[in-house]
Amino acid sequence: MTAVPVNLLDFDLDGLAAFCEGLGEKRFRATQLLRWIHQRGVADFGQMSDLARSLREKLAGRAVTAALPVVSQHESRDGTIKWLFDVGGGNAVESVFIPEDDRGTLCVSSQAGCAVGCRFCSTGHQGFSRNLSTGEIVAQLWFAEHFLRRHLQSQERVISNVVMMGMGEPLQNYDRLLPALRLMLDDHGYGLSRRRVTVSTCGVVPMIDRLARDCPVALAVSLHAPTDELRDRLVPLNRKYPLDELLQACARYLASAPRDFITFEYCMLDGVNDAPEHARALIELVRRHAAEGLRCKFNLIAFNQFPQSGLARSPMPRVLAFCKLLGDAGIVTTVRKTRGDDIDAACGQLAGGVQDRTRVQERMARQRTVALYPARAPARKAVS
Ligand code: SF4
């Protein structure tokens, strides 16, 4: 029986070094391989000219660099690009590239669906299918980076920031997430700064502590409510890890974090969590935990409506009043700019088009041969 080839996107540097040693090769070959694959975007071992021919032949029989098939690609008027990737078994995940003047951010998925089931989240309503492998998480970045370099005709790195804020709760897929994060940070991989790689969680407390030990990167926490009573209803995981436990974990995390604050994401829901008393309760909550060392910023997010939620977006004057109350209390607060909403790529909208599995499977079948490099290349400056 022929062995299934190993996907080299599944490995961080240590994993690849172990694989090379298993082939009877020196560890430094892993560094060369990592550079070819991740820095140059080369998948064909035959093109890796500084590898010995004997190694290339060994690799050709035993390993692949497995890209995810692209089901669709949409580009927003504001330059945001969303890809839907086929991960098999009728499942698809989305990644979104958000260009800005001083950075290029890729929002990456960690699971097909999500088991947490937050009330306001389109992915949560889809249900959970499975964890992505490390290779499937990395393949989103690998594809996007090298596609964008060609698309924008850039020799420079295009993606400067990665946020694990796509589909799924990344800390519920920790063992696969960790090598992917290490690869993002590795100078032979993507060489991203720890401050520019963000894991967003709805509050898996034990895993926040593990992340602090294993690979501290920037941390964003989906808070969305100032009391357990309300948060239990919006973010069901709160029943397991209530607010005080979560904020204590955030304070501990700061001891190893690359930034000196935690970002709290707060989705503004009309008549649910957006009143002045909610802002005052948040201020009180944050002040109570400041004594433990908690420092934070708030990011207020406009809710992107979808019919099944039964929720509505807060009117902008109320969002601004909420922002002012927090700001006047000395808490740095921003209102997140909505990006890509004309292609359903805004925060919380991911998987909106993936909810109907039958429809997605039909689309996958139709679009398996989608042209990856459309002829129309919009004139837009590269981000670096
Ligand atoms: S907000 Fe995050 S954790 Fe909550 S359901 Fe959506 S993807 Fe899952």
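Guide: Two strands pair if DSSP finds at least two bridges between them. Strands (E, at least two residues) and helices (H or I, at least four) are DSSP runs, numbered from the N terminus. The model is predicted: local features need pLDDT of at least 70, side-chain atom pairs count only at pLDDT 80 or more, and totals for chains, interfaces and linings use all residues. Residue numbers start from 1 along each chain as its sequence is written.

The chain has 14 strands and 12 helices. An open sheet with mixed pairing takes 10 strands, in the order β3-β4-β5-β6-β9-β10-β11-β12-β13-β14. At its edges stand β3 (70-75) and β14 (333-335); each has a single partner strand, so one side of each lacks a neighbour in the sheet. From one strand to the next the twist averages 20°, where angles run from 0 to 180 degrees between N-to-C directions and axes are lines fitted to C-alpha atoms, for helices over the stretch in contact.

Strands β4 (residues 81-88) and β5 (residues 91-100) run antiparallel and are joined by seven bridges. F85 has V93 in β5 as its bridge partner. Helix α5 packs on the sheet, touching β4, β5, β6 (103-107) and β9 (161-164), and its direction makes about 45° with that of β5. Contact here requires C-beta atoms, placed from the backbone, within 7 Å.

Helix α5 (residues 134-151) also packs with α6 (residues 174-185), at an angle of about 35° and with the axes 8 Å apart. T134, I137, V138 and L141 of α5 meet R176, L177, P179, A180, L183 and M184 of α6. Eight residues of this contact are nonpolar, one is polar and one is charged; Ala, Val, Leu, Ile, Met, Phe, Trp, Tyr, Cys and Pro count as nonpolar, Asp, Glu, Lys and Arg as charged, and the others, Gly among them, as polar.

Further along the strand order comes β12. Seven of the seven residues of β12 (residues 262-268) are buried, so this strand is largely enclosed by the rest of the structure. Buried means 20 or more other C-beta atoms within 10 Å of the residue's own, exposed 12 or fewer, and partly exposed in between, with C-beta atoms placed from the backbone. In a regular strand the side chains alternate between the two faces of the sheet. In β12, I262, F264, Y266 and M268 point one way and T263, E265 and C267 the other.

β12 pairs in the parallel sense with β11 (residues 218-222) over three bridges, with V221 opposite F264. Seven bridges join β12 to β13 (residues 296-302), also parallel, and M268 stands opposite A302 in β13.

Notes: Contact = placed C-beta atoms within 7 Å.
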